[in-house]
Amino acid sequence: METAAQARIDDEINRLLSSVHDLRTRRNTFSPIARLPTETLASIFVLCAYDYHNNRHSVAFGVPSWVNISYVCRRWRDVALNYPTLWTYLFVASKRWTDVLLARSRQAPLKLRAALEHQTFDVWPNFAEKVLNQAERVQELCLSFPRRYAEMVFSRLSSHAPLMQILKISVYNGFVPGSPPESPWALFNGDMPSLRKLELRGCQIQWNSFALKGLTTLSLHKVPEPCRPSVEEFHALLSCMQELIYLHLDGVLQSARSFFGSVVFDASQKVTLPHLSRFLICAPSSTIYALLSLVTIPLKTELRLTCDSELEYDSSGCLVDYSPLYPLLAQRFTIQESQVLAVPTIRSLVITTAPMAFSVILGVSERDWDHMLDTDRYMQWGYNIPLKVVVTFGISTMKLRDRVISNICSSIPLSGVRSVLVDCPPFSPSFWKKALGPLQELRYIKLIGGYMPNLASVLSPTLDYHAEDEGEPAGQGSHQIFAPALEELELLCIVFSTGFEADPWLRCGTLRRLCDALADRKEEGRALGRFTMTRCCVDESDEQKLSDVVGEFQWDGDFSPDLRDPYWLDEMDRERWSDDEDES
């Protein structure tokens with residue numbers, strides 16, 4: 001049993017500990033961080049919670065690390081607990097923590113970002129009941145979950161949400177074709193008057209239930225086919241979105257193959273989006289044509305178009321071309337004299353090719369290849385890239401591919417282009433003549449990978465663009481000099497044929513022909529200032545000849561042995577090229 005003397009000692013210990021605690025608290029007030037005003041300290045705490053909240057890797061179940069700031073010291077805890085905004089960054093955790101967050105946040109607008117997985121769904125029903133019963137307080141809601149939980153989640157999103165500004169929902173594991181169609185949901189009964197950003201992936205939504213008048217960002221991805229709106233229906237939705245700044249549509253709209261023949265629109269029916277800054281659409285080619293013909297967007301809007309083949313054939317059995325796209329792009333980039341100062345000039349052109357796809361990219365900055373060649377279309381915003389067009393084909397046909405590329409390039413006014421990069425360059429001289437012939441300010445060409453195209457036929461000022469390749473009698477083609485201002489040519493990992501006549505199916509150029517063409521340009525007073533070859537096949541005699549016909553010749557002395565063999569393409573590639581030559 002404790003004696004009175006022991007009790008007095010305990011009291012003395014507690015008194016001394018309290019004094020030590022007070023002394024330590026007073027001492028801490030002299031540290032720099034303790035001198036921060038309460039408002040500043042609270043703002044720092046909110047930034048910690050905001051950063052965690054917006055980190056896509058920090059949406060797992062459990063209490064986030066930023067909560068530890070409320071356990072550092074007495075002052076920090078007092079500041080944290082008395083700042084409701086800090087506790088509006090909700091997280092899915094235990095029932096106790098849900099009650100704590102709602103109590104500490106008081107009546108401040110709520111924000112929730114969560115990835116609902118197996119362990120999360122153990123607490124989700126209780127969490128959703130408590131939080132979404134206060135849907136009128138929710139300002140931001142970002143959820144991702146597998147499709148098997150869709151009904152459970154969407155059934156909770158039925159109350160009105162007057163403060164909702166950001167809504168992001170991602171349903172993954174895909175829609176299984178042939179499965180019974182799901183009923184589309186009306187999120188929050190469409191009652192979100194403050195909504196500014198809407199991002200949906202894999203969702204089946206009642207599109208006509210939304211009031212989207214104030215929307216600034218609309219990002220829709222992979223809508224299940226049974227719920228995809230037609231171009232006409234989406235056109236009606238756009239008519240009320242006059243404030244849109246960002247518009248991303250990836251696998252959202254139905255094919256519009258019958259659109260142009262069934263509906264006639266005049267200019268007065270076009271939807272004008274005066275503030276649109278970024279417009280991305282990945283859809284069947286006919287859908288892109290139809291949508292572009294129905295909207296009017298500013299000249300400074302950045303465009304990203306991915307046209308998917310619809311495997312349409314004409315009466316002769318050939319793939320239908322992409323001719324509806326050409327006038328739309330021509331109209332888009334044809335600038336009136338009064339608009340010249342308001343729109344930056346296109347200075348760079350990048351073309352990348354593959355057997356079943358290609359891309360055409362326009363840039364404002366010269367030789368800004370890193371950003372222009374970025375394969376992630378979402379990482380190319382804000383780098384002065386006004387247009388990127390990607391076209392995919394249902395079958396591999398290089399002749400069609402080259403024709404579409406050259407038609408796109410020739411339809412767009414590119415007179416100001418000074419630098420061109422071509423990845424896996426096409427062989428045909430007609431491609432170079434039509435695609436790059438009009439570029440009178442072209443100063444720099446870079447070719448990457450594959451065989452050397454028959455570029456000599458257009459580089460030489462004494463040749464007639466190799467007119468016989470066009471089916472024209474020799475001497476009847478254009479005598480215009482190709483790229484008269486050309487100053488520099490760069491080749492990277494390019495293979496030259498050992499003999500042009502020996503490989504007619506390949507139709508690639510020899511180093512001898514290229515050297516002769518450069519010599520012709522020199523005689524005409526249009527010699528190249530620099531010619532650079534990296535990892536290309538060059539011997540000593542070639543090196544000396546090239547040094548004589550250009551101002552400066554650079555070669556790294558290296559080449560890739562597996563690229564020397566001009567027969568590295570497989571038999572399928574040979575047959576494909578043979579078929580293309582037979583067609584021509």
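This is a predicted model: local features need pLDDT of at least 70, side-chain atom pairs count only at pLDDT 80 or more; totals for chains, interfaces and linings use all residues.
**Entry 1: the cores**

I began with the largest nonpolar core, which has 146 residues. Which of its members touch the most others? I found Leu187, Phe279, Leu349 and Leu491.

I then picked Phe279 and listed its contacts, skipping residues up to four places away in sequence.

**Entry 2: H4 and H5**

Next I looked up how helix H4 (residues 95-104) sits against helix H5 (residues 124-132). Their axes are 10 Å apart and the packing angle is about 15°. That angle is under 35 degrees, so H4 is roughly parallel to H5. I have the crossing down as right-handed.

Which residues make the contact? From H4 I see Lys95, Thr98, Asp99 and Leu102, and from H5 Asn126, Phe127, Lys130 and Val131. By type, I sort the residues of this contact into three nonpolar, two polar and three charged.

**Entry 3: H10**

My last stop was helix H10 (residues 325-333). Seven of its nine residues are buried, so H10 is largely enclosed by the rest of the structure. I wrote the buried ones down: Leu325, Tyr326, Leu328, Leu329, Ala330, Arg332 and Phe333.

What do these buried residues pack against? I count helices H9 (285-294) and H12 (398-411) as partners, along with strands E11 (302-308), E13 (357-363) and E14 (387-392).

Conventions: Residues are numbered from 1 along each chain as its sequence is written. Side-chain values use heavy atoms; hydrogens and water are left out. A nonpolar core is a set of buried Ala, Val, Leu, Ile, Met, Phe, Trp, Tyr and Cys residues joined through side-chain atoms within 4.5 Å. Buried means under 20% relative accessible area, exposed over 50%, partly exposed in between (1.4 Å probe, protein chains only). Contact means heavy atoms within 4.5 Å. Axes are lines fitted to C-alpha atoms, for helices over the stretch in contact, and angles run from 0 to 180 degrees between N-to-C directions. Helices (H or I, at least four residues) and strands (E, at least two) are DSSP runs, numbered from the N terminus. Angles under 35 degrees count as roughly parallel, over 145 as roughly antiparallel, 65 to 115 as roughly perpendicular and the rest as oblique. A crossing is left-handed if the near helix is turned anticlockwise from the far one by less than a right angle, and right-handed if clockwise. Ala, Val, Leu, Ile, Met, Phe, Trp, Tyr, Cys and Pro count as nonpolar, Asp, Glu, Lys and Arg as charged, and the others, Gly among them, as polar.
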